[in-house]
Amino acid sequence: MRLGRELAALLRAGDLVLLSGELGAGKTTLTRGIGEGLGVRSAVASPTFVISRVHPSLGDGPALVHVDAYRLAGGLEEMEDLDLDLALPESVVVVEWGEGKVEELSESRLLVRLERPTGGEGGGPADGGTDWSALDGDAPRVVTLTGVGPRWAGVDLAALLEPADG
């Protein structure tokens, strides 16, 4: 949530954000933080079954368009009915599972990869590894931010990944 709120401070209308990571990695939670940071109406929830949700701004900022492309096998042509190309100039568009599907929307995009530990990773306590199976949904994540295109040239994304104080 914190990373999403801080990321929202950098986002502006026309930004395309692609989220990747396995189920349960935190893509929707990150988007919820982005929505809070943008000050949009209604709580951000997973759009898995409706594919796309639009969250209008409560102020003068951009709307948030939240898309879940998990069930969409094709590329941009399969998503044409969502009119993302029309929404993008006036909104921040966040697409979960969007890699390989919507890059053509913009020459600039922010790729966010979320990785969470899964059971059995890193060995177990017996061989000096971490027993990830005992961790719940609050397990630490590894986040990689990659800016692509002129929009993100010179933007210090690394500062967002610094640990929070306290």
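**Reading the strands and the core**

Guide: Let us begin with strand 1 and strand 5, which run parallel and are joined by four bridges. Residues are numbered from 1 along each chain as its sequence is written, and side-chain values use heavy atoms, with hydrogens and water left out.

Visitor: How many helices and strands are there in the chain?

Guide: The chain has three helices and six strands, and from the N terminus on they follow the order α-β-α-β-β-α-β-β-β.

Visitor: Which residue is the bridge partner of leucine 19 in strand 5?

Guide: The partner of leucine 19 there is valine 112, and valine 112 in turn has leucine 145 as its bridge partner in strand 6. Strand 5 and strand 6 are antiparallel, with seven bridges between them. Strand 1 also runs parallel to strand 4, through four bridges, and leucine 18 stands opposite valine 95 of strand 4. On strand 4 you will also find the pairing with strand 3 (residues 63-68), parallel and with six bridges, where valine 67 is opposite valine 95.

Visitor: How many residues of strand 4 are buried?

Guide: A residue is called buried under 20% relative accessible area, exposed over 50% and partly exposed in between, using a 1.4 Å probe and protein chains only. In strand 4, six of its six residues are buried, and the strand is mostly covered. In a regular strand the side chains alternate between the two faces of the sheet. Here Ser91, Val93 and Val95 point one way from strand 4, whereas Val92, Val94 and Glu96 point the other way, and all are buried. Strand 5 is largely enclosed by the rest of the structure, because five of its seven residues are buried. For the chain of 166 residues, 40% count as buried.

Visitor: Which residues have the most contacts inside the largest nonpolar core?

Guide: In soluble globular proteins, nonpolar side chains tend to be buried together. A nonpolar core is a set of buried Ala, Val, Leu, Ile, Met, Phe, Trp, Tyr and Cys residues joined through side-chain atoms within 4.5 Å. The largest one in this model has 23 residues, and Ile34, Leu64 and Val112 have the most contacts inside it. At least two of its residues come from each of helix 1 (2-8), strand 1 (16-20), helix 2 (27-38), strand 4 (91-96), strand 5 (109-115) and strand 6 (142-148). Another core, of 15 residues, lies apart from that one and includes Val65, Leu72, Leu84 and Leu105. A contact means heavy atoms within 4.5 Å, and, leaving out residues up to four places away in sequence, isoleucine 34 touches Gly4, Arg5, Leu7, Ala8, Leu11, Leu64 and Val94.

Visitor: Is histidine 55 buried or exposed?

Guide: Histidine 55 is buried, since its relative accessible area is 2%, and its place is in strand 2 (residues 52-55). A polar atom of its side chain lies 3.4 Å from the backbone oxygen of arginine 41. Beyond four places in sequence, the residues in contact with histidine 55 include Val40, Ser42, Ala63 and Leu64.

Visitor: Where is the place of tryptophan 97?

Guide: Tryptophan 97 is in the loop between strand 4 and strand 5, and it counts as partly exposed because its relative accessibility is 22%. Although tryptophan 97 and serine 20 are 77 residues apart in sequence, their C-alpha atoms are 5.3 Å apart. Phi of tryptophan 97 is near 60 degrees, a positive value in a residue other than glycine.

Visitor: Where does pLDDT stay under 50?

Guide: The pLDDT is the predictor's confidence in each residue, from 0 to 100. For the chain its mean is 83, and 80% of the residues reach 70 or more, but over residues 121-135 it stays under 50. Where pLDDT is low, the predicted coordinates should not be read in detail.

How values were computed: Polar contact = N/O pair within 3.5 Å; in protein donor to acceptor, adjacent residues only side chain to side chain. Pairing = 2+ DSSP bridges.
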